[in-house]
Amino acid sequence: MSTRFDVRVEVSLRPGIADPQGATIERALPALGFEGVDGVRVGKSIRFSVEAGDEPEARRRVEELCTRLLSNPVIEDTRFELTPA
Amino acid sequence: MSRVGVVLFPGSNCEHDVVEAVEALGGKGEIVWHGAPSLPDVDAVVLPGGFAHGDYLRPGALARFSPVMDAVRRFAADGGPVVGICNGFQVLTEAGLLPGALQKNAGLKFLCASVELRVESVGSVLTSGAAVGDILRIPINHFEGNYTCDPATLAVLDTEERVILRYVDNPNGSTDSIAGICNEAGNVVGLMPHPERASSALLGSEDGLVLLRSLLSGAGVPGR
């Protein structure tokens, strides 16, 4: 008997890794009229559904997916949310 | 005669240039489809430049799981020469065959330019025929060529003389101006510049030939 879970993974650059996209956006903001914004970092969001016997198993599968494929652990971190579909 | 297997992933686009440069030097080039479960009988393997799987997710992230990569990994483990050029370098880092990662260029511009490289080490299958200090003029063509690694990895690369090429004038923000590295044994090499595009006077530079000749000579790796 398996359950379907909806997953949303957020992949972001690890702290200390240079983020030229984030830096460029941040630099552009004052010229566009947005003051007082800093710490801009750009990442990606990946969504999918996964089948598993229970939530702990689903979490394990998602963690493996995150470290083996969805992120490059040399430069990226992941966090995810998982809810029964 | 040296036989070189050039892996073709969906989206690779430099495989023919590599074959042509290899054959101009008297070698034999053979294109190997990424879905092949084994390699043909070759003396060296090249992962060429291009956009394998459209660079989707991350450059090389999907290509590292191609069926042929198991055979490439075994070939490398047995000491076979493996050279990743540009996208090929990205595949090798994603596959864990070389340390570090290639990020977006620091200036966020796609770079298509001829650059000067300094040979830093001759202890690799690609640089064994060159001399430390040689300056080579070779084109780069990339958006994600910014070599990144943590300080511990950089220390290892320096101590073990595994940085084989550095940019004379760092175009993309690469850590320590690193343009190319090798593994511990010196048989697995990755570099962002394209030696096959500096392989004839007609192309503007023949400086890539010394690198390709080293690979074809099968001379092994001096001092390792």
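Which residues of helix α5 (residues 209–217) of chain B are buried? I put this first in the notebook, and I note that the model is predicted.

**Entry 1: helix α5 of chain B**

I went through residues 209–217 and found B:Leu209, B:Leu211, B:Leu212, B:Ser214, B:Leu215 and B:Leu216 buried. I then looked up what lies over them. The cover of these buried residues includes three elements of chain B: α1 (15–24), β3 (44–47) and β4 (82–85). I also checked the end of the helix.

I looked next at residues of another kind with positive phi. Most residues other than glycine have a negative phi. I noted two exceptions in chain B.

B:Leu57 is not a glycine, yet its phi is positive, near 70°. I placed B:Leu57 in the loop that joins β3 to α2 (68–77) of chain B. I counted 17 other C-beta atoms within 10 Å of B:Leu57, so this residue is partly exposed; the class lies between the limits of 12 or fewer for exposed and 20 or more for buried.

B:Cys86 has a positive phi of about 60°, and B:Cys86 is not a glycine either. I found B:Cys86 in the loop between β4 and α3 (87–94) of chain B. Is B:Cys86 buried or exposed? With 29 other C-beta atoms within 10 Å, B:Cys86 is buried.

**Entry 2: chain A**

I turned to the fold of chain A. I listed 2 helices and 3 strands, and from the N terminus they follow the order β-α-β-α-β. The radius of gyration is 17 Å, well over the 12 Å that the globule rule gives for 85 residues, so chain A is more spread out than a compact globule. I took the box along the principal axes as well: the C-alpha atoms fill roughly 55 × 25 × 15 Å.

How much of chain A is buried? I read 12% of its 85 residues as buried. I also checked the contacts with a separation of 6 or more in chain A, and 70% of them join residues 24 or more positions apart.

**Entry 3: where the chains touch**

I found 10 residues of chain B in contact with 9 residues of chain A. I sorted the chain B side by class: 4 residues are nonpolar, 3 are polar and 3 are charged.

Key: Residues numbered from 1 in each chain as written. Chains lettered and ligands numbered in written order. Predicted model: local features only at pLDDT ≥ 70, side-chain atom pairs only at ≥ 80, totals over all residues. Contact = placed C-beta atoms within 7 Å. Nonpolar A, V, L, I, M, F, W, Y, C, P; charged D, E, K, R; others polar. Helix = DSSP H or I, 4+ residues; strand = E, 2+ residues; numbered from the N terminus. Rg over C-alpha atoms; globule rule 2.2 N^0.38 Å.
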